[in-house]
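Trainee: I am new to this structure and would like to go through it step by step. Please show it to me before we start.

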Amino acid sequence: QVHLVESGGALVQPGGSLRLSCTASGNNLENYDIGWFRRAPGKEREGVSCIRLSDGRTYYEDSVKGRFTISRDNSKNTVYLQMDSLKPEDTAVYYCATCSILATKYFGTWGQGTQVTVSS
């Protein structure tokens with residue numbers, strides 16, 4: 001069982017940057033892929049990105065490619081999502097979750113979420 005805690009959500013202006021953090025706890029974390037999905041009001045859940053903790057392989061949804069970067073620090077059991085060139089349509093609650101870089105619609109356990117609002 002993996003427990004995930006997100007942080008870093010905030011209000012930011014369009015074009016700005018934000019970094020989300022996800023700290024994981026549990027056994028055998030090196031066997032997991034961990035990433036992010038988001039849910040905006042009135043919209044379905046959308047996968048954002050996923051990273052394999054063992055080797056750093058990544059996946060990005062087309063809507064964030066070139067703007068978002070996922071990384072991990074295995075010594076801190078932490079996954080980061082660096083978000084640059086933010087757009088109003090990135091506004092959503094972002095959830096850290098166990099995922100799969102090979103099955104991009106799959107999300108298992110997730111945290112409580114952190115709000116990201118992009119607005120002037």
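Predicted model: local features only at pLDDT ≥ 70, side-chain atom pairs only at ≥ 80, totals over all residues.

Trainee: How many helices and strands are in the protein chain?

Mentor: Read along the sequence, the pattern is β-β-β-β-β-β-β-β-β-β-β. The count for the protein chain is zero helices and 11 strands.

Trainee: What radius of gyration does the protein chain have, and what would a compact globule have?

Mentor: The C-alpha trace spans about 40 × 25 × 25 Å along its principal axes. A compact globule with 120 residues would have a radius of gyration near 14 Å, and the value for the protein chain agrees with this: 13 Å.

Trainee: Which strands stand at the edges of the open sheet, and why is one side of each left without a neighbour?

Mentor: Four strands form this open sheet with antiparallel pairing, in the order S1-S3-S8-S7. The strands at the ends of that order each have a single partner strand, so one side of each has no neighbour in the sheet; they are S1 (2-7) and S7 (68-73).

Trainee: How many bridges join S7 to S8?

Mentor: S7 and S8 run antiparallel. In this pairing Phe68 stands opposite Met83 of S8. The number of bridges that join S7 to S8 is six.

Trainee: Which element gives the most residues to the largest nonpolar core?

Mentor: This core has 27 residues, and those that touch the most other members are Trp36, Leu81, Met83 and Tyr94. Elements that give two or more residues to the core include S1, S7, S8 and strand S4 (33-39). The element that gives the most, with four residues, is S3.

Trainee: Is Thr78 buried or exposed?

Mentor: Thr78 is found in strand S8, residues 78-83. Its contacts beyond four places in sequence are Ser21, Cys22, Thr23, Ser71, Arg72 and Asp73. The cut-off for a buried residue is under 20% relative accessible area, and Thr78 has 7%, so Thr78 counts as buried.

Trainee: With which side chain does the side chain of Thr78 make a polar contact?

Mentor: Thr23 is one of the residues that Thr78 touches. The polar contact joins the two side chains at 3.5 Å, and the partner of Thr78 is Thr23.

Trainee: What is the relative accessible area of Ser71?

Mentor: Ser71 lies in strand S7. Leaving aside neighbours within four places in sequence, Ser71 is in contact with Ile51, Thr78, Val79 and Tyr80. Ser71 counts as partly exposed because its relative accessible area is 31%.

Terms used
Residues numbered from 1 in each chain as written. Heavy atoms only, no water. Buried < 20%, exposed > 50% of the residue type's maximum accessible area, 1.4 Å probe, protein only. Contact = heavy atoms within 4.5 Å. Polar contact = N/O pair within 3.5 Å; in protein donor to acceptor, adjacent residues only side chain to side chain. Pairing = 2+ DSSP bridges. Core = buried A, V, L, I, M, F, W, Y, C linked by side-chain atoms within 4.5 Å. Rg over C-alpha atoms; globule rule 2.2 N^0.38 Å.
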